[in-house]
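Biologist: Can you walk me through the ligand site in this one? I'd like the contacts, then the charged pairs.

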Amino acid sequence: ACLVGSEMCIRDRHTIARLALGLADDMLTTLALATRAPILVAPAMNPAMWTHPATQAHVQMLQARGVEFIDPTYGVMACGDEGWGKIADTPTMIEVVERRLKRTQELAGIHVLVTAGPTYEPIDPVRFIGNRSSGKMGYAVAQAAAERGAEVTLISGPTALDPPAGVKCIRVQTAEQMLQAVQEHFEACDVFISVAAVADYRPERVYPLKRKRSQRAWTLRLVPNPDILGTVAPRKGHRLVVGFAAETGKAIEYAREKLQRKGLDLIAVNDVLEPQSGFEVDTTRLTLLYADGRVEPLPLLPKRIAAHRLMDAVVERLHILAGKSGVPDRSHLPDSLKSP
Ligand code: CTP
């Protein structure tokens, strides 16, 4: 792994831009172009600079090529500004580098199916019912699985995100289209991770032409959408099935009930009312609930790192499944997963 980091914000911003554009005008950027090793970047800069669209566009370009970022942490900068811009601490960096080196082929031979993003339920050709999901968590999960060598199929609702490198992406709009795509790919998968924020209801009637404005009230009748995870989970067989739950209020209690009702192996829950842990933002505080009753709270983490913590749990569950006697169809797994 090639670790890029410096404490000088202007230099870091410059370096990220040069890496993104493929410039090779010093030793570091030349090395980054020449190496086949995984590249990790640990930037530090003024929070406004880090969140600036120019910087984030370059970060996204690099991520799409498989470069991994150890995101800056929250704190007070040398210039006195406060925000997300402090370089990650050394133990975090060492942990990420170690994990990156270990995991490259951990899921080779495993097919992971992921749903992500919202669904849009049309009212007429210009209006729809949707939700605030950005797809960031689902895309991070797909990327994390691909980085561990899995064959990944991502079924995505409408998002502004580019699919992660090496991931097969199928784009859909509605819950019914997502269900159909999931049913087509579920048979072939070993792990299904349902991250999508599926719209629970859709308008009963879709107007073929744009409905014109009027001063009268307009009542829309909504009908329930299929529960995609609830439809396929009963047919899970040897597969590992993981759900997500974005909750408000009694988050753990609601998620435990969902885990049991939908027959899942694992559910990742977050409280969307908690600061920095909901829709649209780049961070999340997940709690993992296992079918055996275990509860694993994770700290507030960048979604990319949280996705890898979830994949750690997935790898552990696959080891356990593979180790159980009488579990069918595990013979195709790589040696690393044949025994616990
Ligand atoms: N899910 C799904 N299809 C739906 C609704 C949810 O596949 N129509 C999946 C989500 O991808 C997630 C899990 O089910 O993995 C839980 O989703 P969530 O929206 O939290 O729960 P619901 O089942 O919709 O229940 P509620 O909205 O009452 O909390």
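This is a predicted model: local features need pLDDT of at least 70, side-chain atom pairs count only at pLDDT 80 or more; totals for chains, interfaces and linings use all residues.

Biologist: How many residues surround the ligand?

Modeller: There are 14, and the closest are Ser194, Ala196, Leu229, Lys258 and Lys262. A residue is near if one of its heavy atoms lies within 4 Å.

Biologist: What does Lys258 do with a ligand oxygen?

Modeller: An N or O atom in the Lys258 side chain is 2.7 Å from a ligand oxygen. For Lys262, a polar side-chain atom also lies 2.7 Å from an oxygen of the ligand. Leu229 uses a polar backbone atom, 2.8 Å from a ligand oxygen.

Biologist: Which element gives the largest share?

Modeller: β14, with 4 residues. Helices (H or I, at least four residues) and strands (E, at least two) are DSSP runs, numbered from the N terminus.

Biologist: Switching topic. How many salt bridges?

Modeller: The structure holds 18. Each is a Lys or Arg side-chain nitrogen within 4 Å of an Asp or Glu carboxyl oxygen. One of them joins Glu187 and Arg239, at 3.9 Å, N to O.

Biologist: Where do those two sit?

Modeller: Glu187 is in the loop between α7 (175-186) and β11 (191-194). Arg239 is in the loop between α8 and β14. They are 52 residues apart.

How values were computed: Residues are numbered from 1 along each chain as its sequence is written. Side-chain values use heavy atoms; hydrogens and water are left out. A polar contact is a pair of N or O atoms within 3.5 Å; within protein, one must be able to donate a hydrogen and the other to accept it, and residues adjacent in sequence count only if both atoms are side-chain atoms.
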